[in-house]
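Dear colleague,

Please find the structure below, handed over for your study. A short account of the findings follows it.

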Amino acid sequence: MFRYIVRRLLQMVLTFFGATFLVYALMFANQDDPYQALVGERPLSEAQRAALDAKYHFDDPFLTQYWHYVKGLLTGDFGISLTNRSINDMLAEAWPVTIKLALLAVLISAAIAVSAGVFAGIRRGGIFDHATLAVALVMLALPLVALAPLAQVIFGVKLGWFPVTVTRDAGLYDLLLPALLLGTVVFATELRVTRSSVADNMRADYVRTAKAKGLATKRVIGVHVLRNSLIPVITLIGVDIGALMSGAIIVEGVFNIPGVGYQLFKGIRLEDGPLVVSFVSVLVIVFLVINLIVDLLYAALDPRIRYE
Amino acid sequence: MPGKSPWKMAAGAAAIALLASGCSGSSSDDAEALPNSISIGIVEPTSLIPSNVVETGGSQVLASLFYPLVRFDEKSAPYPVAAQSITHDKANKVWTIKIKPGFTFSNGEPVTADNYIDAWNYGAYGPNGQLASYFYSRIQGFADLQSKDPDDDGPQEAPEPKAKKMSGLKKVNATTFTVTLSAGFAGWESVMGYDAFYPLPKAAWASEGVLKKEYGEAPIGNGPFKVKGTWQHDQQIQVEKVADFKGTIPKVNGITWKIYQDLTTQYNDLVAGNLDVETQIPVESLSSASGDLGDRFLKSPSSGFAFVAFPMYDDKYKSPQVRRAISMAINRQEMTDQIFLGSETPATAFVSPVVQGARKDSCGQACEYNPTKAKQLYTAAGGPSEIKITYNADGGHKPWIDAMCNQIKSALGVNCVGATVPKLTDLLAKVRNHEDVGLFRLAWSMDYPLMENYLGPLYTSDGSSNYYGYKNTAFDTLVRQGSEAPTVAQAQQYWQSAENILAQDMPVLPLRFSQNVFGHSERVTDVTMDLFAKVDIYKIDIAS
């Protein structure tokens, strides 16, 4: 187990540098004139460009720029954004609210999707099964870009049940509507995967054995079926964190939540290369760590899986 | 069961994380804390240092923190505010500014001539990279504060500029200083109404010519409000009244500048009553705005000018007759009514009528919709058989470009296509290389309310935004004569005759003038917006 973790951590280092290099290269290729975005449609003088170049090194060759960036990264300094703010500060401000939002979204969607999926799986072909299928299809069909503003107008403006916009230090209730919406991104797949996994396992030999032994249905499902059915769901939830981050760009934009997605969107729009690259780098780390945790959880769930 | 413990741990950890985050959070709305205060929506400013502000968000906040030398009346003529008097010599070259005595910054420091001189020198000094530095370029000695990179993109660093202070700024006594311009300019008083000409207090400086790092987070100004706490990035900037302010006293006790990224979100907050003023109603909400807001949905003129430029380097559009014909094929009224739902107005002049001396219809017949005459003129002058209009895809221009093309097609009977490039920079790069882009869209909004601010940058041969390469020496001379005229009234005469030349030459096709399209909540009243798209913070009041 220990050796496995070390090996994975080493792989993570490679993946991390590969991913950031790619992101950096993409931003670099896209960025023909980042300063222009700062002044809108006004021309920028030579002297101003020279001053900005001295600060951001955009006039250096690509590899030199990347080296500047990696050097900063290794010393824990993400540098400054084009709007002249410390990116470390921006990260520290943005992450807490996004973590709150994502956790809430994961918990709510997983709780509902898994329990509904289990019920649907046990009574395969029943009314509930069909009803959840319909709900899942609708959710898959409705993109968040359309759903989020709609929900904001209905529940925030017209009915007034939830706040229309959410601030950085929002309470749980304020975040409930954005989290529910964010959860819809992953809800449908989680539900369907749980359902089919449970349905499969219900027909497995070990379940028949357990039933034949005379175990109570509650115990058969609660211990034997669930434990085996949840392995694919856990992987899915791990992967879903990535989907949630892309959803966060929309939800945080609509609800004006100054989190990671909000900053990323702003950074991309303003061609703020340093900001985008730094935020994506941290996202890459988060994604890698979550995947490692998910893989380790397997071992706990399934004794047959051993990491050497 | 060995499998149970990680589950329990995970659930426990999640519960603790949620509880912790939930407990630390509070949903209290700080805006309510200040009695008699209002909230106005803005976008996150890029900076709050006056010489670095070129967008309305920052400009709007600064207007509450600083007291300008001049403000503008309804006819956009300047009148002194923080200045007691502004006088000039016969040649408009040496301007003497006397500031009102007794004024202080919000930290108690008296406002002196040095505060202005130091701030302007800082803004103009090239290596500081201040975005609004071009405002100082008329002052004598500005060029000495700039340096040029010797090998452009190469490894050599730009040398240090010759001087750190502009020779044109001189202190006379504690409350008087003179500004010497490199060439006489009748409209200098108007220029000084911009944000870049605010003073900075002694407390702003870490050492001579170096601003304190944290100054921009809570600028200390000489205005009616001061920042409460600091700038809460991407959230809000709260300002509260300065006790015993000597100038015009605003009616509200505080303003919360609420920061939004998305205009539609901001609009929803306005309708829900969480925001008092939205200064720009998004196009998507225009159709429902009068229903949602009733008489709280307002419009007022602003300085924006949208036009389509003719590439002067392209032989196809060489004939002014062709350019006039295309202009006459456009039904501007239909475009502003149907595409912009009345949020913009048709442009029939080359200078926005909001500035002093500008006329509404200076373009004359050439900007009137007349498809029959347009077709005759076009065929006679031998216009091209296909017209291309290039625009940047990131600005939401597609609907009106398509509409314009359709109008051209039906009026002139030639094919018209809209071509996109990703960004405006890409468009301008193509134009610079004289590529075949056909017609292309541009826009302008003024820095100071003078006709010269349109004529100079847009149409003179060395104008900073004359990308299309229009050149007419008679025009250049008239604009320059206007700038050097002894009085603004005389200057306007020169400028008007200059604009008449434009109507003959048609270097661009005027399309639309923009308006402030704004709305407010029931809590506030007397909401007005000026030509710079700023809410008048002195007039706005709480509804009784």
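One aromatic cluster is formed by B:Tyr116, B:Trp120, B:Tyr134, B:Phe135, B:Tyr136, B:Phe177, B:Trp188, B:Tyr194 and B:Phe197. Please bear in mind that this is a predicted model.

Over all chains, the structure holds 34 aromatic pairs. In one of them, the ring centres of B:Phe66 and B:Tyr198 are 4.8 Å apart and the planes meet at 15°; because an angle under 30 degrees counts as stacked, this pair is stacked. B:Phe66 belongs to the loop between α2 and β2 of chain B, and B:Tyr198 to the loop between α4 and β8, so the pair ties together parts that are 132 residues apart in sequence. Both B:Phe66 and B:Tyr198 are buried.

A further pair joins B:Tyr67 and B:Phe245, whose ring centres lie 5.0 Å apart with planes at 90°, so it is edge-to-face. B:Tyr67 is in the loop between α2 and β2, while B:Phe245 is in the loop between β11 and β12 of chain B; the pair thus links distant parts of the chain, 178 residues apart. B:Tyr67 and B:Phe245 are also buried.

As for the overall fold, chain B contains 14 helices and 21 strands. Its radius of gyration is 26 Å, close to the 24 Å given by the globule rule for 544 residues, so chain B is as compact as a globular protein of that length. Of the 544 residues in chain B, 56% are buried.

Finally, chain B carries 48 positive and 58 negative side chains, and the centres of the two sets are 3 Å apart.

With kind regards

Key:
Residues numbered from 1 in each chain as written. Chains lettered and ligands numbered in written order. Predicted model: local features only at pLDDT ≥ 70, side-chain atom pairs only at ≥ 80, totals over all residues. Heavy atoms only, no water. Helix = DSSP H or I, 4+ residues; strand = E, 2+ residues; numbered from the N terminus. Rg over C-alpha atoms; globule rule 2.2 N^0.38 Å. Buried < 20%, exposed > 50% of the residue type's maximum accessible area, 1.4 Å probe, protein only. Lys, Arg positive; Asp, Glu negative; His and termini not counted. Charge placed at Lys NZ, Arg CZ, Asp CG, Glu CD. Phe/Tyr/Trp six-rings, centres within 6.5 Å; stacked < 30°, edge-to-face > 60°.
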